[in-house]
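Trainee: I would like to learn how to read a protein model feature by feature, beginning with the overall layout and ending with individual residues. Could we take one example and work through it together?

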Amino acid sequence: MRGLPPGARLTVLATASRPETREWCRSLGAHHVLDHAGDLPGQVKALGLRVPHVFGINRTDAHWDAICRLLAPFGLLCVIDATSGMDVQKLRPKSAGLVFEGMFARALHRTPDMAEQHRLLAEVAGLVDAGRIRHTMTRHLGRIDAANL
């Protein structure tokens with residue numbers, strides 16, 4: 001993560017609203033699970049935490065105002081989901097940054113570092129194989145082919 005000193009440890013906050021998804025987040029390593037149906041900035045304040053980085057993966061635009069309020073000054077927000085209607089000027093008072101992550105941007109734009117995508121995917125596969133990280137699959141739907149699609 002940009003700006004993170006080597007060996008630094010992160011406190012991971014996740015969001016969920018149902019008991020089973022809250023437990024699922026904890027089982028994946030979240031230190032704290034916030035209720036995204038509630039007051040996210042208030043929950044962060046109650047924990048006494050500073051939030052320098054936010055990774056928006058689902059309904060980022062629906063939580064935009066809350067994210068802008070809870071993000072620390074000079075923080076960085078990375079978004080992977082499709083968004084619309086977000087007022088990026090809300091980040092200005094905090095000098096915060098916004099970046100989008102697109103998995104296939106290197107290949108799509110034929111960037112000089114396209115091989116980096118292979119290296120990243122191989123690294124993640126190695127971490128999964130070694131049991132250091134877990135995938136998020138909750139059920140296997142079987143083989144993907146024309147007959148079962």
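Trainee: In what order do the elements of the protein run from the N terminus on?

Mentor: Bear in mind at the outset that this is a predicted model. The elements run β-α-β-α-β-α-β-β-α-α from the N terminus on, and together they come to five helices and five strands. As for dimensions, the C-alpha trace spans about 50 × 40 × 35 Å along its principal axes.

Trainee: What share of the 149 residues counts as buried?

Mentor: Burial is read from relative accessible area, with under 20% taken as buried. Of the 149 residues, 21% count as buried, while the accessible surface of the protein comes to about 11100 Å², with 57% of that surface belonging to carbon and sulfur atoms.

Trainee: Which residues have the most contacts inside the largest nonpolar core?

Mentor: Such a core is a set of buried nonpolar residues joined through their side-chain atoms. Here the largest one has 16 residues, and those with the most contacts inside it are Val 54, Trp 64, Leu 70, Leu 71, Leu 77 and Leu 91. Helix H2 (40–47), strand E3, helix H3 and strand E4 (71–79) each supply at least two residues of this core, and the largest share, five residues, comes from H3. Apart from it there is a second, separate core of five residues, which includes Ala 16, Cys 25, Ala 30 and Val 33.

Trainee: What does Leu 70 touch, if residues up to four places away in sequence are not counted?

Mentor: With those residues set aside, Leu 70 touches Leu 40, Pro 41, Val 44, Val 51, Val 54 and Lys 94.

Trainee: Why does Gly 56 count as buried?

Mentor: Gly 56, whose place is in strand E3, counts as buried because its relative accessibility is 6%. Leaving aside neighbours within four places in sequence, Gly 56 is in contact with Leu 77, Cys 78, Val 79, Ile 80 and Asp 81.

Trainee: What span does helix H5 reach from its first C-alpha to its last?

Mentor: Helix H5 (residues 115–129) has 15 residues and reaches 21 Å from first C-alpha to last, close to the 21 Å expected at 1.5 Å a residue. H5 is followed by Gly 131, whose phi is positive, near 75°.

Trainee: Is Gln 117 buried or exposed?

Mentor: Gln 117, which lies in helix H5, counts as buried because its relative accessibility is 17%. Aside from neighbours within four places in sequence, Gln 117 is in contact with Met 103 and Arg 106.

Terms used:
Residues are numbered from 1 along each chain as its sequence is written. This is a predicted model: local features need pLDDT of at least 70, side-chain atom pairs count only at pLDDT 80 or more; totals for chains, interfaces and linings use all residues. Side-chain values use heavy atoms; hydrogens and water are left out. Helices (H or I, at least four residues) and strands (E, at least two) are DSSP runs, numbered from the N terminus. The expected span of a helix is 1.5 Å times one less than its number of residues. Buried means under 20% relative accessible area, exposed over 50%, partly exposed in between (1.4 Å probe, protein chains only). Contact means heavy atoms within 4.5 Å. Accessible areas come from the Shrake-Rupley method with a 1.4 Å probe; for residues, only the protein chains shown count as cover. A nonpolar core is a set of buried Ala, Val, Leu, Ile, Met, Phe, Trp, Tyr and Cys residues joined through side-chain atoms within 4.5 Å.
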